[in-house]
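I set out to record what I looked up in this structure, entry by entry. The notes follow the order in which I examined the features.

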Amino acid sequence: MRAVIEARDLSRWYGNVLGISEVTLEIQPGITALLGPNGAGKSTFMKIITGQLKPNIGEAMIYGERVWNNRRIFRQLGFCPEADAFYEELTGFEFLTGLLSLYGFRQSECRERAEHVLKVVELYDVRHRQVRSYSRGMRQRIKVAQAIAHDPEILILDEPLSGLDPLSKRRVIKLIKEFKAHGKTIVVSSHVLPEVEAMTSEIVLIHQGKILARGDIYFIRELIDTHPHMIRIKSPAFRELARILAPEDYILNISFNQEDQSVIFETHHRDRFFNRLNDLVLESDLKVDEITSPDDNLQAIFDYLVGK
Amino acid sequence: MKSEILRVFSFYFFLGKKSTRTKIFFVLSLVSVLLAVVIRVYRLAGHWTESGQVVFQNFLMVFFLQFLIIILALFYGTSTVAEELEGRTLPYLSSRPIARAAIITGKYLAYLSLTFMIMVSAVLASFLVLNLDQDFRLADLLTVIRYSLVLLLGLAAYLAFFTFLSTWLKKPILVGLAFGFGWESVIQYFPGTTQKFSVAHYLKSLLPQYTTSAGKLGFLFIRLEPSRPAIAVMTLLLIASVFLALASLIFSYKEYLFED
């Protein structure tokens, strides 16, 4: 089966700064997540495949056609940009009908589609409020709404969950999954692994402008799980915690911070560690004030994967 | 393409009507009405003997021609691309099934309509303030129509030029200011053919008060060597068409990057 989206040797620079380098990728229907730290090249890739940017080298194709200035492709494309940008003086309803009118729908159809999609993203009750008065979550959802209102075959979402509260995240994830259920193609970018896991198992790891790995979530997990994780637990009983967990075979190292009453565990089996910690807290009276992961960010994992 | 231009036009005309900028410029255009009220009061007090028509043509037209159409065209024209870049809204347009040239042409026509509406309401209101009395005849409104059409040609030419700057330059407003209030203000007074390198020259060539040196304010119009009206109209239309075509061409091929 021919890929919906094809990137062949895509490279793009911004002056001396590298955006992406020699990216070759084929994307099939379903949800594909681009996972990478900030500045990895995810947005550049998305801008190229949505015709916002031209590649310096290589080509981006959708349904076998070049994307730049291709109106036929744009009709089948829904793009949710990363920037929190709107025509602020418009109401949510006007914003959607206005953008829908650019597809050439009749006014009545624009209204119907806008009303429908406003209900889907649960903004129907606030449709006559100016976008500038919307909360961050509402703005993110109206941005997703404008991308899906014309019922495109391909949906490109650049960090759609960024800045959302957990409830809004769930709503958007549900929406994306529903879109997939209709056999459509969705490309979504994120720098947060658990968010991506909630949406899809098909992941492309992108780092410093290059595709680092591609596979399902289990493969990526395996890669990531070989990376030792640091987990800091702040507790009045931090020494007791360390004593109980020290014999576990997945604990590589333990260090203390007397000043803020915390203990840092280093483990290469994060899931097993957290399962044990959950049991421990439930079984005993141990009080835990705070759990943080000093290196639990994608950058650290990526640096580890590329051998930095 | 025509339908695409119409779609963009409708969207931006609606957006423009709601914008704070349009409201601000509408208020600014009312300065002419205020001036008209002051002059009318002055005339009623017997300090000014010229007729309303003469005052309108020789005094208020300077405001419209040398200031209002330039400022309107400057702020709307140079914002055509810049506002989408600064507001980061360009992807909403450039990911739609619309030719890039249609985006520019549609926005241009929307802004031309908006600015013309602002201007014509100020022209009409100030004309009526100066001329509405027992001698007023409907035929007097022909003056308003004639002057409005000339101002429309001026807006079309300036707006096309500033739209072109917007597609070409990152910060078009400074160059636009220098052109609108520097070049245009100076070159039109140069003798010989030099003055023909200004838009204002062709606009003035279409107005009777500039082509003769009669009247109280005749000293303001010295040295105009008018082009023939047909040539002036054609040149203004040519300026508008050429710069609009250039703007569309640049926008069709150029990539626009946000600041970061």
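**Entry 1: helices on the sheet of chain A**

I began with helix 6 (residues 166-181) of chain A, which lies across strand 3, strand 7 and strand 8 of chain A and runs at about 150° to strand 8 of chain A. I note here that the model is a predicted one.

I then looked up the sheet itself. In chain A, six strands form an open sheet in the order 6-7-8-3-9-10, with mixed pairing. Strand 6 and strand 10 (210-216) of chain A are at the edges; each has a single partner strand, so one side of each lacks a neighbour in the sheet. From one strand to the next, I find that the twist averages 15°.

I also checked helix 1 (residues 42-49) of chain A, which packs on the sheet and touches strand 3 (30-35), strand 7 (154-157), strand 8 (185-190) and strand 9 of chain A. The direction of helix 1 makes about 150° with that of strand 8 of chain A.

**Entry 2: one strand pair**

In which sense do strand 9 and strand 10 of chain A pair? I recorded strand 9 (residues 202-207) and strand 10 of chain A as antiparallel, over six bridges. For Ile206(A), I found the bridge partner in strand 10 of chain A to be Ile211(A).

I looked up two residues of chain A for their backbone angles. Tyr63(A) is not a glycine, yet its phi is positive, at about 50°. I located Tyr63(A) in the loop between strand 4 (57-62) and strand 5 (65-66) of chain A. Is Tyr63(A) buried, exposed or partly exposed? I counted Tyr63(A) as partly exposed because it has 17 C-beta neighbours inside 10 Å, whereas a buried residue needs 20 or more and an exposed one has 12 or fewer.

Glu122(A), also not a glycine, has a positive phi of about 60°. I placed Glu122(A) in the loop between helix 4 (107-120) and helix 5 (136-148) of chain A. Glu122(A) has 16 C-beta neighbours inside 10 Å and therefore counts as partly exposed.

Note on methods. Residues numbered from 1 in each chain as written. Chains lettered and ligands numbered in written order. Predicted model: local features only at pLDDT ≥ 70, side-chain atom pairs only at ≥ 80, totals over all residues. Pairing = 2+ DSSP bridges. Helix = DSSP H or I, 4+ residues; strand = E, 2+ residues; numbered from the N terminus. Axes fitted to C-alpha atoms, helices over the stretch in contact; angles between N-to-C directions. Contact = placed C-beta atoms within 7 Å.
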